[in-house]
Amino acid sequence: TTVTTAAQRLARENNALQRAIYLKDWRKADEIFARKHRRKMLNSAEKKQWFNDLIAGELDQRLQALQAEGLFTRAPEQLGWASTLATRGETAKLQAYLATHHPTFDHAGQETNWLYLISRSNASPQLLKQYQPQFATNEILDRLSWQLMQNGQHRQAASLLLEHYPFAGAS
């Protein structure tokens with residue numbers, strides 16, 4: 001029957017997806033996730049897995065394209081992507097990303113993480129100066145770290161923000 005056939009197709013697709021992830025065939029996994037997304041059959045856990053697979057596969061251009069389409073634009077995803085660039089040591093990409101993306105944060109801890117990434121990236125002090133904190137608790141941190149960066153004290157600015165960096169449950 002049609003229902004059985006559709007269920008069988010879905011099962012085959014899910015098996016192929018799991019195989020692609022297991023084999024770290026990130027492009028194949030991306031193709032399957034994209035197909036499921038187009039059919040509006042992607043649940044939130046799969047969407048999160050897709051994002052993580054794009055990062056694991058270093059499919060940077062693909063991730064940027066999906067963000068331009070409106071996917072993966074929530075604050076935790078933008079923080080995750082920026083943190084990945086920082087971890088990889090891709091300073092130029094990180095600086096460009098931080099300069100062109102302005103997440104709406106769910107809580108002050110996320111914003112503190114963003115400020116930390118700005119200072120860690122050695123971005124232009126102007127980027128930090130122009131930043132408008134969304135949470136009052138980050139206004140003082142923002143001002144102090146900008147002053148330190150203005151004086152060429154990038155490490156001290158990063159240290160200040162690191163002291164207030166909420167490691168647990170920040171994303």
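Which residues is aspartate 30 in contact with, leaving aside its neighbours within four places in sequence? The list is Trp50, Leu54, Leu59, Arg62 and Leu66. Aspartate 30 itself sits in helix α2, which spans residues 26-38. Its relative accessible area is 10%, so aspartate 30 is buried, the cut-off being under 20%. All of this describes a predicted model.

**Overall build**

The protein has ten helices and zero strands. Read from the N terminus, the order of elements is α-α-α-α-α-α-α-α-α-α. Taken along the principal axes, the C-alpha atoms fill a box of roughly 70 × 30 × 25 Å. The protein has 171 residues, and 40% of them count as buried.

Contacts can be split by sequence separation. Among those with a separation of 6 or more, 52% come from residues 24 or more positions apart. The protein exposes about 9,900 Å². Carbon and sulfur atoms supply 51% of that area. On the charge side, there are 21 positive and 16 negative charges. Their mean positions lie 7 Å apart.

**Aspartate 53**

Aspartate 53 lies in helix α3, residues 44-56. Is aspartate 53 buried or exposed? It counts as buried, because its relative accessibility is 4% and the limit is under 20%.

The side chain of aspartate 53 makes a polar contact with the side chain of glutamine 49, at 2.6 Å. Leaving aside neighbours within four places in sequence, aspartate 53 is in contact with Ile21, Trp26, Ala29 and Phe33. Take isoleucine 21 from that list. Isoleucine 21 and aspartate 53 are 32 residues apart in sequence. In space, their C-alpha atoms are 7.6 Å apart.

**Aromatic pairs**

How many aromatic pairs does a search of the whole structure find? The search finds six. Two of them are set out here.

| Pair | Centre to centre | Angle between planes | Geometry |
|---|---|---|---|
| Phenylalanine 51 and phenylalanine 72 | 5.4 Å | 45° | tilted |
| Tryptophan 81 and tyrosine 97 | 6.3 Å | 85° | edge-to-face |

The pair of phenylalanine 51 and phenylalanine 72 links distant parts of the chain, 21 residues apart. Phenylalanine 51 is in helix α3. Phenylalanine 72 is in the loop between α4 (60-68) and α5 (75-88). Both residues are buried.

Tryptophan 81 lies in helix α5 and tyrosine 97 in helix α6, residues 91-100, so this pair ties together parts that are 16 residues apart in sequence. Tryptophan 81 is buried, and so is tyrosine 97.

Ring pairs also build a cluster. Its members are Phe33, Trp50, Phe51 and Phe72.

**Phenylalanine 51**

Phenylalanine 51 is found in helix α3, the helix that holds aspartate 53. Its relative accessibility is 7%, so phenylalanine 51 counts as buried. Which residues does phenylalanine 51 touch, not counting those up to four places away in sequence? They are Leu63, Phe72, Glu77, Gly80 and Trp81. Phe72 is its partner in the tilted pair. Trp81 belongs to the edge-to-face pair with tyrosine 97.

For a view along the chain, take leucine 141. Phenylalanine 51 and leucine 141 are 90 residues apart in sequence. Their C-alpha atoms are 30 Å apart in space.

**Positive phi values**

Two loop residues have a positive phi without being glycine. One is phenylalanine 72, with a phi of about 55°. The place of phenylalanine 72 is the loop between α4 and α5. Its relative accessible area is 0%, so phenylalanine 72 falls under the 20% limit and is buried.

The other is glutamate 58, whose phi is near 55°. Where does glutamate 58 lie? Its place is the loop between α3 and α4.

Definitions and conventions. Residues numbered from 1 in each chain as written. Predicted model: local features only at pLDDT ≥ 70, side-chain atom pairs only at ≥ 80, totals over all residues. Heavy atoms only, no water. Helix = DSSP H or I, 4+ residues; strand = E, 2+ residues; numbered from the N terminus. Buried < 20%, exposed > 50% of the residue type's maximum accessible area, 1.4 Å probe, protein only. Contact = heavy atoms within 4.5 Å. Polar contact = N/O pair within 3.5 Å; in protein donor to acceptor, adjacent residues only side chain to side chain. Phe/Tyr/Trp six-rings, centres within 6.5 Å; stacked < 30°, edge-to-face > 60°. Areas by Shrake-Rupley, 256 points an atom, 1.4 Å probe, with all protein chains shown as cover. Lys, Arg positive; Asp, Glu negative; His and termini not counted. Charge placed at Lys NZ, Arg CZ, Asp CG, Glu CD.
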